[in-house]
Amino acid sequence: MTHPGDALPGAEAAVPAHPFWVELFGNDGPVELEVGSGDGTFLRAAAMRDAEVNLLGIENAYPRIRRAEERVAAMGSPRVRTLMADATCVIRTIVPAASVHAYHIYFPDPWPKHRHAKRRVVTPALVRALARTLVPGGHVFLATDVHGYGWLMRGCVLAHPAFVEVPVDDTHGGLLTGFARKYRARGRQVFLATFRRLDAS
Ligand SMILES: C[S@@+](CC[C@H](N)C(=O)[O-])C[C@H]1O[C@@H](n2cnc3c(N)ncnc32)[C@H](O)[C@@H]1O
């Protein structure tokens, strides 16, 4: 669903880089975070797509973050970093306010059993943290092969007054990930959505 007058993805306001990110990346370029970066396939593809963006992949599983670290090290780019941590905790407690240009949340574990649903990463608490840390006009990109979960995540994001849905365009990276490639090879349809952070609220 779009909102009249919404800017398209990629049209964030010019916000000075936060010193926290300048210190980490060594430049004042825009910063994008991937939540659950898996084996780093998206980080690599995104860095090749846009050489000016700074990317941080946060992943909490050791074998996957090792693989991502190997990929990133092989690229030799100071603009791509990985962190082994709980992404929700990092975004809630460490990421500075209004400092991130985009969040990429691709194929988060759907945890289909009711008793496991509390393990899902997209929660109202995460969405509040995304709203706090995104620059005005920043974006949240979502992808999943589990369409019911896609609609649930969409509802969770749109329940926050800071977000509106905008059209999916080619700035969406949800088809560039390891899981996207695997599922698309099997002919699975992928649910994609993009949300824009409004200027105020
Ligand atoms: C299904 S995989 C998708 C990986 C990658 N996004 C892709 O599309 O190829 C979900 C990933 O999210 C990670 N993950 C789950 N909860 C997380 C959390 N709270 N913080 C960081 N990573 C998390 C899992 O370890 C797993 O690697």
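Angles under 35 degrees count as roughly parallel, those over 145 as roughly antiparallel, those from 65 to 115 as roughly perpendicular, and the rest as oblique. The model is predicted: local features need pLDDT of at least 70 and side-chain atom pairs count only at pLDDT 80 or more, while totals for chains, interfaces and linings use all residues. Residues are numbered from 1 along each chain as its sequence is written, and side-chain values use heavy atoms, with hydrogens and water left out.

**Helix 2 and its packing**

- Helix 2 and helix 3 (residues 62-75) pack at about 25 degrees, with axes 9 Å apart; helices are DSSP runs of H or I with at least four residues, and strands are E runs of at least two, numbered from the N terminus.
- Axes are lines fitted to C-alpha atoms, for helices over the stretch in contact, and angles run from 0 to 180 degrees between N-to-C directions.
- Helix 2 and helix 3 are therefore roughly parallel to each other.
- Thr 41, Leu 43, Arg 44 and Ala 47 of helix 2 meet Arg 71, Val 72 and Met 75 of helix 3 (contact means heavy atoms within 4.5 Å).
- Buried residues in helix 2 are Thr 41, Phe 42, Leu 43, Ala 45, Ala 46 and Ala 47 (buried means under 20% relative accessible area, exposed over 50%, partly exposed in between, with a 1.4 Å probe and protein chains only).
- The buried residues of helix 2 pack against strand 1, strand 2, helix 3, strand 3 (80-84), strand 4 (100-106) and helix 7.

**Largest pocket**

- The largest pocket holds about 540 Å³ of space.
- On a 1 Å grid over the protein atoms alone, a pocket is an open set of points with protein on both sides within 12 Å along at least five of seven lines, a cavity is a set where a 1.4 Å probe fits but cannot get out, and lining residues have an atom within 4 Å of a point.
- Grid points are joined across faces, edges and corners, and a volume is the space filled by probe spheres set on the points.
- Of the 30 lining residues of the largest pocket, Gly 36, Glu 59, Asn 60, Pro 108 and Asp 109 lie nearest its centre.
- Strand 1 (31-35), helix 2 (41-49), strand 2 (54-59), helix 4 (87-93) and helix 7 (178-185) each supply at least two residues of this lining.

**Largest cavity**

- The structure holds one cavity of 30 Å³ or more, and the largest cavity has about 50 Å³ of space.
- Its lining includes Val 15, Trp 21, Val 31, His 101 and Val 135.

**Val 95**

- Val 95 sits in the loop between helix 4 and strand 4 and counts as buried at 2% relative accessibility.
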